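Dear colleague,

Please find the structure for your review below.

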Amino acid sequence: MMTERWPIHTDLKDDETLLSFIVRTAILNGSYPHVLFQYWRNLQHSFVSDIDKKVDQNALNRLSSHTGVSVCVLQNSLLDKLIEKLIDQEQYENIRLWRYVMHIGARNHRRSFGYGFCPECMAHDHSRYYRRHWRLLWHVGCSEHKCQLVFDCPHCGNENKPHTLSFQARSINECSHCGHSLSSATKTDVHTDALSVASWLDHYIDTGINTSKWSFTDVQEAALTLRQLMSIVRSALNKPHIRYNMAMLASMNIDAGLPIDRKSITHEQWSVSLREVTLRGAWRLLNVDPESLITLCQSNNISQKFWLYDNKLKTTAIHRIADHLAVDKRTTAKAGISNSLIEPLSRAEAESRWLSISDQLKK
Ligand SMILES: [Zn+2]
Ligand SMILES: [Zn+2]
């Protein structure tokens, strides 16, 4: 019973996600994706885990019997082999904590997104499927159509959830909420730097060859550095009025007045526009050799503060630059300031106290 073949088979595309394949198969067979899922996994609840990440061997064997697609091809559609290269073993054991895979669904009220798609790819029968790369942090656009990925229905605004489509859907180009076509979404150009940084990291992961100006021990350090550079750019955009942030944003050719999301959330919950601008900035930095970046920072009086804006451990690649720069004065002064209550002062007292503080800072 459990090895019964589903009547209509389709190919799993080279770069397709497993979820996309299941949804397409369900619609072709006139069924609900969640019904096929429950039948396959023999579970009461539907889509309880992010199946694009990892699926156990027994489940892959069963899915192969149902769909006629070989276990090896099914395995290739998953993200686990790729992510394994980027995170350490301890993190890898906890699939929910995987970095670099964008969150979907709204579990635990954490902010999340719909299933990303390219409106242009969705418009044509032959290209109408979800790409594996679209799930990843460093992908914000379709490399073929050069447009930004979309995560919500262009008509009703709900998160795109292809796994909740009805058996009556004509194709995966439909919003499961209102039935409107996803391909009608407005096409927004994606910046070429954001596409370049994605193809750099993809190529590094695939071949082990790093084509950026920075050197890394391995691809794991490269990915972590990219993630930290995204944070550095975000932090600069958060406080664009600070002189060193303004100078560095200008050197990255980024408009310091861009509105950004200030919520403190993990990278995997960042909006597509925040990811795009921070990836652009990161790519600008990765395209200057570290020696020149040090010179640029030194000649503009940019301290370590720009690179080490918080106390979180930064990668060796980032320290290789920051360690050559001046330590920010305010950071060292903090230790000497007492926490005692500050009483209101007369103007003269305030001025003399200010002078003594400024003298201390100059020392
Ligand atoms: Zn496309
Ligand atoms: Zn809709």
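Of the 363 residues of the protein chain, 35% count as buried (a residue is buried if 20 or more other C-beta atoms, placed from the backbone, lie within 10 Å of its own, exposed if 12 or fewer, and partly exposed in between). This is a predicted model, in which local features need pLDDT of at least 70 and side-chain atom pairs count only at pLDDT 80 or more, while totals for chains, interfaces and linings use all residues. Residues are numbered from 1 along each chain as its sequence is written, and chains are lettered from A and ligands numbered from 1 in the order in which they are written.

The secondary structure comprises 15 helices and 0 strands; helices (H or I, at least four residues) and strands (E, at least two) are DSSP runs, numbered from the N terminus.

Leu 201, Tyr 204 and Ile 205 of H8 make the contact with Val 219, Ala 222, Ala 223 and Leu 226 of H9, where contact requires C-beta atoms, placed from the backbone, within 7 Å. By class, this contact has 7 nonpolar, no polar and no charged residues (Ala, Val, Leu, Ile, Met, Phe, Trp, Tyr, Cys and Pro count as nonpolar, Asp, Glu, Lys and Arg as charged, and the others, Gly among them, as polar).

On the H8 side, Asp 193, Ala 194, Ser 196 and Val 197 meet residues of H11 including Glu 276, Arg 280 and Trp 283. The residues of this contact divide into 5 nonpolar, 1 polar and 4 charged.

In helix H2 (residues 33-41), the buried residues are Pro 33, Leu 36 and Phe 37. What covers them includes helix H1 (18-28). Just after H2, Asn 42 takes a positive phi of about 55°.

Finally, Glu 4 lies in the segment before H1 and counts as exposed, with 10 C-beta neighbours inside 10 Å.

Yours sincerely

Key. Two residues are in contact if their C-beta atoms, placed from the backbone, lie within 7 Å.
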